Amino acid sequence: MKKLFVLGALAAMLASGTALADTSGKKIAFSNNYAGNSWRQAMLDSYGIVTKKAVADKVVGAADIFTTADKEVPTQAAQVQNLILQGYDAIVINAASPDALNGAIKQACDAGITVVSFDGTVTEPCAYRVVVDFKDMGKQEVEQMAKFQPKGGNLLEIRGLAGTSIDDAIHAGILEGVAAHPEFKIVGSVTGDWDQTTAQKAVATILPSLPDVVGIVDQGGDGYGAAQAFAAAGKPRPTIIMGNRQDELQWWKEQKDKDGYKTWSASIAPGVSSLAFWVAQQVLDGRTDIPHDLLVPYLAFTQDDFEAELPKIVKGGVASHEYTQEDAIAAIKANIK
């Protein structure tokens, strides 16, 4: 009778997709292509906080981080191939390109390695993707801009890291938003690498050639740099969409205190790296019900709530959230159709 009960419980667990395996000896590697801005640093910090505890608690055997020395696709492809040779059971990856790494990703899958991409996701079908609707975020930037600049006008677009899925998606959303709001026109575009210093230099270079600009649509990490460039050039302060960085929100607060300045802020939480880790762990743990595409919300702040968040963000940091194993299980459940 007891044997029948155990077999029945086992069958029920299998049917529900519940994890059955032991991952305490499993090794997970993190392949990261870029660490040159505050968001990426916060992303690495969040991953380290969560995975060090997971290793200490013997949930997994290892969770090593590997960041490439440059932003080039061939470098990251070689890195992934090295991780295959090193015998990792899973690879979590923030990819330099949505499709140029697919060959290396397929090699990992063919070797029996679980691959979970996030932020910079990949299109290879064998990989899992922890996805934020970046296109919607880009569109929302223009929707919000229309509230602050109802008469419309010229916009400057600051793009992110060229060639990544995030940059492409946010740009597509911004174009869709402008198409729905013909009162706006994009009169210039620069690349800011999601970094305020890079963005400040790029904006300062293009400003002399631009007509008057009422707003800036961007991708995060560039808002404060853009504000500095406009101030240095003696140009009227535009409405700048922010990206949840501490320096951006602090500047926003200063402007709001001065004259009621209004804007909107949104970004993916850097701690999504820890969610990707837990998704990889759950796959290794034997779950059979995990969709290859898991949609998670981006983090947005309005005129009414950004000031409450500001004290929680370390200087030079980004608003974030570290995910737990329970968060991952809930996210998986929410994405099962």
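By class, the residues lining the largest cavity of this predicted model comprise 7 nonpolar, 3 polar and 3 charged, where Ala, Val, Leu, Ile, Met, Phe, Trp, Tyr, Cys and Pro count as nonpolar, Asp, Glu, Lys and Arg as charged, and the others, Gly among them, as polar. The model is predicted, and local features need pLDDT of at least 70, side-chain atom pairs count only at pLDDT 80 or more, and totals for chains, interfaces and linings use all residues. Residues are numbered from 1 along each chain as its sequence is written, and side-chain values use heavy atoms, with hydrogens and water left out.

A search of the whole structure finds 1 cavity of 30 Å³ or more. On a 1 Å grid over the protein atoms alone, a cavity is a set of points where a 1.4 Å probe fits but cannot get out, a pocket is an open set with protein on both sides within 12 Å along at least five of seven lines, and lining residues have an atom within 4 Å of a point. Asp-119, Trp-194, Gln-219, Arg-245 and Ile-268 lie nearest the centre of the largest cavity, among its 13 lining residues. Domain 1 (17-126 + 269-298 + 321-336) and domain 2 (134-267) both contribute to this lining, so the cavity lies between them; the bounds come from an automatic or database domain assignment.

The two kinds of space compare as follows, each volume being the space filled by probe spheres set on grid points joined across faces, edges and corners.

| Space | Volume |
|---|---|
| Largest cavity | About 100 Å³ |
| Largest pocket | About 250 Å³ |

Of the 17 residues that line the largest pocket, Ala-42, Val-314, Val-318, Ser-320 and Glu-322 are the closest to its centre, and the lining divides into 6 nonpolar, 7 polar and 4 charged residues.

Between the domains, whose centres over C-alpha atoms are 30 Å apart, 17 residues of domain 1 are in contact with 16 residues of domain 2, contact meaning heavy atoms within 4.5 Å. The area buried there, which is the accessible area (1.4 Å probe) that two parts lose on being put together, summed over both, is about 1200 Å², with carbon and sulfur atoms giving 51%. Asn-37, Asp-119 and Tyr-298 supply 42% of the area that domain 1 buries against domain 2, more than any other three residues.
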